[in-house]
Amino acid sequence: MTIYSRRLPDLPRATRLPANARLASPQSPCYGPRDPFGGLFEAPFSHGTKSDLGVEARVDNSGGIQASLAGRYATALFELARDEKQLEAVGASLASLRRALADSGDFRALTTSPVISRGEAATTVAAVAKSMKLDPLTAKFLGVLANNNRLAELGKMIAAFDLLAAAHRGETTASVISAHPLDDDQVAAIKSNLKTRLGRDVAVDLSVDPAILGGLVVKVGSQMIDGSIRTKLNTLAHAMKG
């Protein structure tokens with residue numbers, strides 16, 4: 001299997017793995033210890049746990065974002081970025097990774113392929129981080145995900161980080177579901193429209209569900225605007241029956 005991307009020109013081509021290849025868990029020379037974040041991600045942990053980077057993890061595991069594995073990773077990354085005053089840099093890097101997941105089938109394959117070992121994944125994401133000029137904290141975070149075999153959760157982690165960052169900025173968050181990935185101009189238009197309607201800045205939590213066929217489903221708090229083609233067709237079908 002060849003992993004490369006025209007959008008990421010410096011990404012090295014990975015060699016085809018033998019049929020009996022297993023997912024190994026080597027120590028990555030790019031990132032040092034297997035989990036330089038101090039093992040904060042794999043299981044619920046208590047307030048006050050210290051990572052290897054000397055950052056206190058203050059996570060509430062009672063529910064919400066922190067209840068999921070992706071949420072715990074996102075929370076740990078958010079708190080590291082906040083405490084090191086790198087929220088803007090990390091947010092920009094994660095936005096680039098979100099676009100890569102949406103636009104590059106090769107990058108998606110890298111994050112989900114079961115035949116790529118942890119060591120190869122760590123080496124490859126290091127090259128990706130360099131090619132995309134990601135900030136050091138996000139680059140290290142990718143290495144942790146590769147070594148822990150969690151790259152498949154990257155999209156969910158980015159979404160959870162965005163929610164945490166929006167709350168930190170005092171923004172309202174809207175859940176936006178589309179049938180296809182939205183480009184930057186479309187996202188900007190949605191934010192502008194919501195800001196006009198709500199009178200304040202709005203962050204968007206984007207997800208894709210081909211089942212809605214087209215249009216958008218937007219949820220802000222308890223309010224939902226369902227403009228999906230699926231719902232319109234269902235409404236039409238019920239009207240014709242009546």
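The following is a working chat about a predicted model of a protein.

Trainee: To get oriented, how many helices and strands does the protein have?

Mentor: The secondary structure of this predicted model comes to eight helices and six strands, and from the N terminus on the elements run β-β-α-α-α-α-α-α-β-α-β-β-β-α.

Trainee: Among contacts between residues at least 6 apart in sequence, what percentage join residues at least 24 apart?

Mentor: For contacts of that kind the figure is 65%.

Trainee: Let's turn to the sheet; what is the order of its strands?

Mentor: It is an open sheet of four strands in the order β4-β3-β5-β6, and the pairing is mixed. Because β4 (202–208) and β6 (223–226) stand at the edges with a single partner strand each, one side of each is left without a neighbour in the sheet. On average, neighbouring strands of this sheet are turned by 20° against each other, direction ignored.

Trainee: Which helix packs on that sheet?

Mentor: That is helix α7 (residues 184–198), which touches β3 (172–178), β4, β5 and β6, and whose direction makes about 135° with that of β4.

Trainee: Do β3 and β4 run parallel or antiparallel?

Mentor: β3 and β4 run parallel and are joined by seven bridges; within that pair, Ala-174 stands opposite Val-204 in β4.

Trainee: What about β5 and β6, in which sense do they pair?

Mentor: Strand β5 (residues 216–220) pairs with β6 in the antiparallel sense, over four bridges. Lys-219 has Met-224 of β6 as its bridge partner, and Val-218 stands opposite Ile-225 in β6. The two strands form a hairpin with two residues between them, and in the turn Gly-221 has a positive phi of about 60°.

Trainee: Changing topic to the helices, is Met-157 buried or exposed?

Mentor: Met-157 lies in helix α6 (residues 154–169) and counts as buried, because its relative accessibility is 2%, and the cut-off for buried is under 20%.

Trainee: Which residues does Met-157 touch?

Mentor: Leaving out residues up to four places away in sequence, Met-157 touches Ala-70, Tyr-73, Ala-74, Phe-141, Leu-145 and Arg-150. From C-alpha to C-alpha, Met-157 and Leu-94 are 9.3 Å apart in space, although 63 residues separate them in sequence.

Trainee: Which residues of α3 are buried, and what covers them?

Mentor: In helix α3 (residues 105–112) the buried residues are Phe-107, Ala-109, Leu-110 and Thr-111, and their cover includes α2 (87–103), α4 (118–131) and α6.

Trainee: Last one, about the surface: which residues make the nonpolar patch?

Mentor: Leu-213, Ile-229, Leu-233, Leu-236 and Met-240 make a nonpolar surface patch of about 500 Å². One of these residues, Leu-233, lies in helix α8 (residues 229–241).

Trainee: Why does Leu-233 count as partly exposed?

Mentor: Its relative accessible area is 45%, so Leu-233 is classed as partly exposed, a term that covers values between the 20% limit for buried and the 50% limit for exposed.

Methods: Residues are numbered from 1 along each chain as its sequence is written. This is a predicted model: local features need pLDDT of at least 70, side-chain atom pairs count only at pLDDT 80 or more; totals for chains, interfaces and linings use all residues. Side-chain values use heavy atoms; hydrogens and water are left out. Patches are made of residues with over 30% relative accessible area and no salt bridge: like charges are joined within 9 Å, nonpolar side chains (Val, Leu, Ile, Met, Phe, Trp, Tyr) within 5 Å. Accessible areas come from the Shrake-Rupley method with a 1.4 Å probe; for residues, only the protein chains shown count as cover. A salt bridge is a side-chain nitrogen of Lys or Arg within 4 Å of a carboxyl oxygen of Asp or Glu. Buried means under 20% relative accessible area, exposed over 50%, partly exposed in between (1.4 Å probe, protein chains only). Two strands pair if DSSP finds at least two bridges between them. Axes are lines fitted to C-alpha atoms, for helices over the stretch in contact, and angles run from 0 to 180 degrees between N-to-C directions. Contact means heavy atoms within 4.5 Å.
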